[in-house]
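Please have the model open while you read.

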Amino acid sequence: IKLANKNKIKINKKEFLKKYLSNHNFKKIALFAPHAFTDSVHGFGKKFIFTDTYQQYLETMKFISSYKNKEILWIIKKHPRSKHYKEEGQIEEVYKKYKKNNIILLDKNISTISAINISNLVITGRGSIGIEAASFGKRVVVAGYAVYQNMGFTIQPKNTKQYFEEIIKASNYKLLNNNQKKIAR
């Protein structure tokens with residue numbers, strides 16, 4: 001985590017909102033961190049509620065774009081290795097199509113730790129950001145098998161309908177308790 005964030009900008013929630021969204025008053029912030037689209041898409045078998053990680057990104061963007069309640073700020077964080085996997089532009093293409101005032105693409109120079117600290121909830125396919133976020137006390141929604149699931153700090157929907165219900169459920173935007181954070185760490 002330290003190495004990945006070495007040359008990144010550190011920013012707190014207040015500074016972030018002031019700099020990027022000074023005209024808005026969001027009650028909740030969800031960090032959506034889609035996994036790389038070509039990195040072991042089916043590496044853990046069929047235990048993924050979407051066809052693949054790209055479909056998760058696309059369907060989530062469609063859903064949050066059409067979601068009527070605008071009290072949630074949705075922050076999209078590109079996978080840090082997207083350039084390595086030659087996926088440049090794919091996140092941006094879909095983002096441009098579904099962009100709204102409450103959906104932003106995170107500046108690539110902002111650290112993952114800052115992005116986690118800014119958020120109330122983290123959404124991922126099964127990426128390592130899930131355990132990182134839980135160790136900071138954030139609830140995590142995973143869309144498929146993750147090596148850290150079933151430890152009491154992830155939300156594991158069984159299907160896409162439940163997934164979309166979970167990413168907007170108010171109780172999921174509350175912090176984990178100290179025991180859950182301890183287990184994640």
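W74 stands opposite I103 in β3. Strands β2 and β3 run parallel and are joined by three bridges; two strands count as paired if DSSP finds at least two bridges between them. Strands here are DSSP runs of E with at least two residues, helices are runs of H or I with at least four residues, and both are numbered from the N terminus.

This is a predicted model, in which local features need pLDDT of at least 70 and side-chain atom pairs count only at pLDDT 80 or more, while totals for chains, interfaces and linings use all residues. Residues are numbered from 1 along each chain as its sequence is written, and side-chain values use heavy atoms, with hydrogens and water left out.

**The sheet and its helices**

The open sheet has six strands in the order β3-β2-β1-β4-β5-β6, with parallel pairing. At its edges stand β3 (103-105) and β6 (154-155), each with a single partner strand, so one side of each has no neighbour in the sheet. In general, strands of a sheet pair through backbone hydrogen bonds, either parallel or antiparallel.

Helix α1 (residues 13-20) packs on the sheet and touches β1 (28-33), β2 and β3, where contact means heavy atoms within 4.5 Å. The direction of α1 makes about 90° with that of β2. Axes are lines fitted to C-alpha atoms, for helices over the stretch in contact, and angles run from 0 to 180 degrees between N-to-C directions. Helix α2 also packs on the sheet, touching β1, β2, β3 and β4 (121-124), and its direction makes about 155° with that of β2.

**Salt bridges**

How many salt bridges does the structure hold? There are five, a salt bridge being a side-chain nitrogen of Lys or Arg within 4 Å of a carboxyl oxygen of Asp or Glu. Among them are these:

| Pair | N to O distance |
|---|---|
| E59 and K62 | 3.5 Å |
| K78 and E92 | 2.8 Å |
| K161 and E165 | 2.7 Å |

K78 lies in the loop between β2 (72-76) and α3 (90-98) and E92 in helix α3, so this pair ties together parts that are 14 residues apart in sequence. E59 and K62 both lie in helix α2 (residues 53-66), three residues apart, or about one turn of the helix. K161 and E165 are four residues apart in helix α6 (residues 160-166), which also puts about one helical turn between them.

Are the side chains of this last pair buried or exposed? K161 is exposed, with a relative accessible area of 59%, whereas E165 is partly exposed at 38%. Buried means under 20% relative accessible area, exposed over 50%, and partly exposed in between (1.4 Å probe, protein chains only). K78 is partly exposed at 24%.
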